[in-house]
Structures are given as C-alpha cells and as structure tokens.
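Please look over the sequence and the model below. A short report on selected features follows them.

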Amino acid sequence: MHADRRLAFFVKMAKCKAKRKYDDEHRTFLEEWEDAYFFIERNGKSLCLLCDTTISHYKASNLQRHFSTLHANIDKDFPKGTELRKQKLSTLKSQVKRQSQMFQQLTKRGEAVTLASYKVAWNIARAKKPYNEGEFLKQCFVDLIDILAPDNKQLKDSITDLQMSRHTVETRISDINNALESDLHADLNACAYFSVALDESCDIQDKPQLAIFVRMISEDCVVKEELLDIVPLKDRTRGTDVKEAMMEVFKTANMSLEKLTAIATDGAPSMIGSVNGLVGLCKGDDLFPDFWNFHCIIHREQLVSKTLNLDHVMKPMMEIVNYIRTHALTHRQFKNLIADLDGDLPGDLPLHCAVRWLSRGKVVSRFLELLEPVKLFMAEKNKSYPQLSDPKWLMDLAFLVDMLSHLDKLNLDLQGKLKTLPDLTQSVFSFVNKVKLFKVHIQNGNLSHFPSLRSAQQKAGIRMNMGQYVKMLAQLYGSITSRFEDLQQKRPQIALLIDPFNAEADCLKSPLVTDEAASELEMIELREDDRLKSLLKEGPVAFWRVVPTEKYPCVKRAALKLLSMFSSTYVCESLFSTLKHVKSKHRSVLTDTHVKELLRVATTEYQPDLQRITRNKRCQKSH
C-alpha cells in the first residue's frame, strides 16, 4: 500500500517537472502575422492595429482567435493578398507610428519642463528667496517670451506648462534636499574620519536652534564641509540636551563614532564644560573615542580683543554716535553737513553692533575719519564733549583704531570655509609675534605700524608718553598666549601637515596615533623619502593624497585626522546669518523641516543631479 502511494507521488512530481513554461519556449513575433491578423510587435507584446488591444504571448492561436472573434469582417472588406489590404495595413502602421512619436515628444517636453522647474526651485533656494518667487518668475518668463519670441508657440506652451506654484516649489526643494541628504550620508559612511562643529542660537521666534556641521575626509584626501542638521531644542540648552540632539543626528545619519576626531564649539559652559558640558559628557562616554576639542578660535580672538579696555574712549564716542544715528532729523542733518564739506569724506557713521565681529573696529575707524565734521556738528548742537579736542584722548582713540585694525585683519584671516588647522595656527601665532614687535617698536618710539597714532601725535605737536600703550600690548600678549595655550601645545603635531620632513620623530601622540613607537619609525623613513619631498610644494592636501598608506600607515592616518578637524565654528555662525534671511519676520511660520531643507540647499557644496531627480519623480508618478 505504501509502495503504491510513493509510486503515485513520484509520477505526479515527474509530470510537474515535465510541464512546459512559456518563457522556456523563446517564442518570437512572426512578420507574417501582420498581414494575417493585423498585429504588430510593440514593447514585447502583440498590438492589434484595429482596436489597440495587446496580447502578452506570441502565439498564433491567440492572435487568430482575437482576429476572428472581433474583426471577422476585415477579411471580407480587405481580402488577403490584395493591394487594398496592404494599403490598409500600411495606413494603420503609420498611424501607430505617428501616435508613438507624438507621445515621445510630449514625454520629452514634459521631462524638460519638469527639469526646468527643479532648476528654478534650486536657484530660488540658493538665493534664499520665498517659495512664491516661482510664480513671479513664471510671469516674468511669459512676458519675456511675448516680447522676444512672440511667434515661438512651442516655447510659449512649455512656459505655460511650467509648474511654479508655491506648493510645487516647496516640493521640488524637498526632493532636492532628500537627494543631497542621501549623498551626504553616503559620503559619511565611506569617509575615513570626520569632525563636527556645533553652535546654538535663537531664531526670530526665540526658538533655540542647534547647528551641526560635519567636516569629513575620504581615503583619497578629499575634504568636505556640509550641514549635517539644524535641530530645534525644545526647552533647555544644557549640555545633556545638546548631546542628546547630537546623538540623535548621528544615529539618523548612521555615523560611526570611531571615526570622530574633533568637536569644535563656542565657549558657552553648556558646550565646553568639563563635567556637564557637551565636551565633558562626550569624553566621559565610553561610546566616544579619544578626540580633540576646540573652543572656537575666532571666538577666542574676540575675547582677546576685549583686553584693549579703553572705556574712557569708547563711552563718549558711542554717546556721540548714538545721538547722531538714533534720531532721524539729527542723522539727516549730519549727512547734509558732510555733503556740504569739501573733501573726500565717508558719507555716514555706522552703528555699533556688539555681536558683529568687525563692528567695533569699523565704528572707531570711521569716527576718527569724520572727527572734524563730528566736532563741528556737536558744536552746532551745543553738545559739549571736551574729549574731542584733548590730544591725549585723541591719541588713545588713534591707538585703538590701529590695534583694532590689526585685530580685524586677524579675524578676517581666521574666517572662511575649509580652513585647515595649520592655516589658523599660523594666523594666530604670527599675530602673537606681531604683538611682540609692536611692543618693542612703541618702546623705541617707532610708530611705523600705527599710522593713526603717528598722525595724531604729529597733529598734537607734542611727544606723548607711550608707557600705557606698552602696558596694554603686554596685557594683550599675555591674554592671547594664555587663551591659545592648548593650541601651542598641539602645534608640533599640527606642523606635521605642512612640513613633515622637519618635524620631530616623536611629535605624534595619542589620539592621532595608536602606536607611537611605529609612528616614530615611519617619521624617520618619511624624512628621508626624497621622492615625496618634491611634492610638498603642491600643498598639504595634495601632498598627503600621494603619500602611500601601505608604507606610512600611522603617519598617513594622523595626517587624515588632522585634515578632518574643525577648529572654529565659522560655518555655524555663517549659517545663522543665512537663517536670518530664510526665517525672517515675513516668513516666521516656516516649519522646522522647511527651515532645514532651505538651509541645506542654500549652503551645500554638492551639485545635485537634477536630471536623476526628475526621472525618479516621473517614475514615482507612473507607478
């Protein structure tokens, strides 16, 4: 009994295996079917020319059944083998071909119009303009075509079909942001190392926004800086809140903490606090590797500049500036006075804004340039400021102008994207040496680096005691050396990037290298590599790109880590300036998602593949 059942089972299985499959038959469309059944091949299927029905399988029986059932009268009206039948077949095939061409043209034009709308949306976001600018631009396009090409109907139709409503522009920018974010995450997963820069500021609705930028370097030494995310903090801005927000962003981007090399922040306790600040919490977390942390170099430079404590100069000067600028009538009268005076004078006095890095220097410098009009105007207004005629006060003002000019130049040198650690350390410590030189020169009565002070002394006609200026320069020197002490300690390791052939063999320490003994041997070998010495003049990034990892693994890894490091939060400060344009009082209701999308598109260095985005969008619609 059991043997019969097994036999029946195997017979059934054999029949299943023997069952034919259509794909295995490799059938093709036969040309004679066109005349016999009025079918043609179209996109891998049989298309009936008479009723546009498609049949999936290339089987004569299926085509014959369809023809004889639905189009039996064709053989009577157009007998087989006659010229009439051939003409009918040719006419139907031509109609199908024209329809296909027309459809392709419409599809191609539709793709071009969609691509154009993506390009316009990209430019709107890059210019930080509102979404409804699309409708304005479309109307401009229509008016231009009416004037420049009134007979070009095809171009007119394309402009008319261009979708540029507010909602469409918003969707286009969102699609572009998604593509940029995908590219960023792919680069982060493939990079060798990365660092982050964080800063927090409030938007126009007093909502704290945490900006997180990432600086990454690939194995082939390509450095990129991109906005990783901007996160709204709901309530508090403590170190724990900042860390939680940062960790959530890392998780979303699937970032490996083992690749983290540095964290750059501002000087707020919630950021650099050694216990409850972000840096302290990260260093105490076993998930984080050993990393360098930087208090923003530009912020430190601003703190150093406050060492020049000349309140007896700034206070009356700011009183005068505010008196002139805060009253509309007074302000107009002062500008008219300047216009009436002979000479090439600046047209106005600027207002001082404490949060702007270069504001104090510009206000003080302009005040000194307009000193004579200011004295005349204040006398007309019966405002007594005896300091304006005091030679000692004027010399203090001139000294402040000269020193703030030097500090502002340092500040500008520290600004910019893709600044490397050697660039910033060179600017800082060259300024340290300049301050030493200034001190020696003033002690010797040499005012070659203080043109405003020299001019004020010449106008006064007397030789003033320069002792207080020497003292202020000594205080400035002490402040800058103490605030950048950590950078001075790291300088031998940082110098590896720009001059590895003169660096000490034991300059590399943890966390740049994990095996200091092996790195010493590699440094000795590298210093004697004459082939690489000739390539150093190409620049640090180009040089380290060609250094072989197989021969110098420890040193190459250390260089990649240094190149990946942020040491300032300039990119965050720049982003907050952009945020003021994007989320202004006229667009204060933008959601956090919209703000992030607009800021990413406005600040990115990526060039999105708009054609690929367009194709993906049309594929989504077709499905």
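The report covers a sheet, a pocket and a helix pair.

This is a predicted model, in which local features need pLDDT of at least 70, side-chain atom pairs count only at pLDDT 80 or more, and totals for chains, interfaces and linings use all residues. Residues are numbered from 1 along each chain as its sequence is written, and side-chain values use heavy atoms, with hydrogens and water left out.

**The sheet**

Three strands form an open sheet in the order β1-β2-β3, with antiparallel pairing. Strands (E, at least two residues) and helices (H or I, at least four) are DSSP runs, numbered from the N terminus. Two strands pair if DSSP finds at least two bridges between them. β1 and β3 are the edge strands, and each pairs on one side only.

| Pair | Bridges | Residues between the strands | Positive phi |
|---|---|---|---|
| β1 and β2 | four | two | Asn43, near 55° |
| β2 and β3 | two | five | Asp52, about 65° |

Both pairs are hairpins. Ile40 stands opposite Leu47 in β2. Ser46 has Ile55 in β3 as its bridge partner.

**The second largest pocket**

A pocket is an open set of points on a 1 Å grid over the protein atoms alone, where a 1.4 Å probe fits, with protein on both sides within 12 Å along at least five of seven lines. The second largest pocket holds about 390 Å³ of space. That volume is the space filled by probe spheres set on the points, which are joined across faces, edges and corners.

Its lining has 18 residues; a lining residue has an atom within 4 Å of a point. Leu368, Leu371, Glu372, Leu394 and Lys459 lie nearest the centre. Helices α16 (359–369), α17 (371–380), α18 (391–414) and α20 (451–460) each supply at least two lining residues. By class, eleven are nonpolar, three polar and four charged. Asp, Glu, Lys and Arg count as charged; Ala, Val, Leu, Ile, Met, Phe, Trp, Tyr, Cys and Pro as nonpolar; the others, Gly among them, as polar.

**The helix pair**

How do the axes of α19 and α22 cross, and at roughly what angle? The axes of α19 (421–443) and α22 (485–494) come within 11 Å and cross at roughly 130°. Therefore α19 is oblique to α22. Oblique covers angles left over once those under 35 degrees (roughly parallel), over 145 (roughly antiparallel) and 65 to 115 (roughly perpendicular) are taken out. Axes are lines fitted to C-alpha atoms over the stretch in contact, with angles from 0 to 180 degrees between N-to-C directions. The crossing of α19 and α22 is left-handed: the near helix is turned anticlockwise from the far one by less than a right angle.
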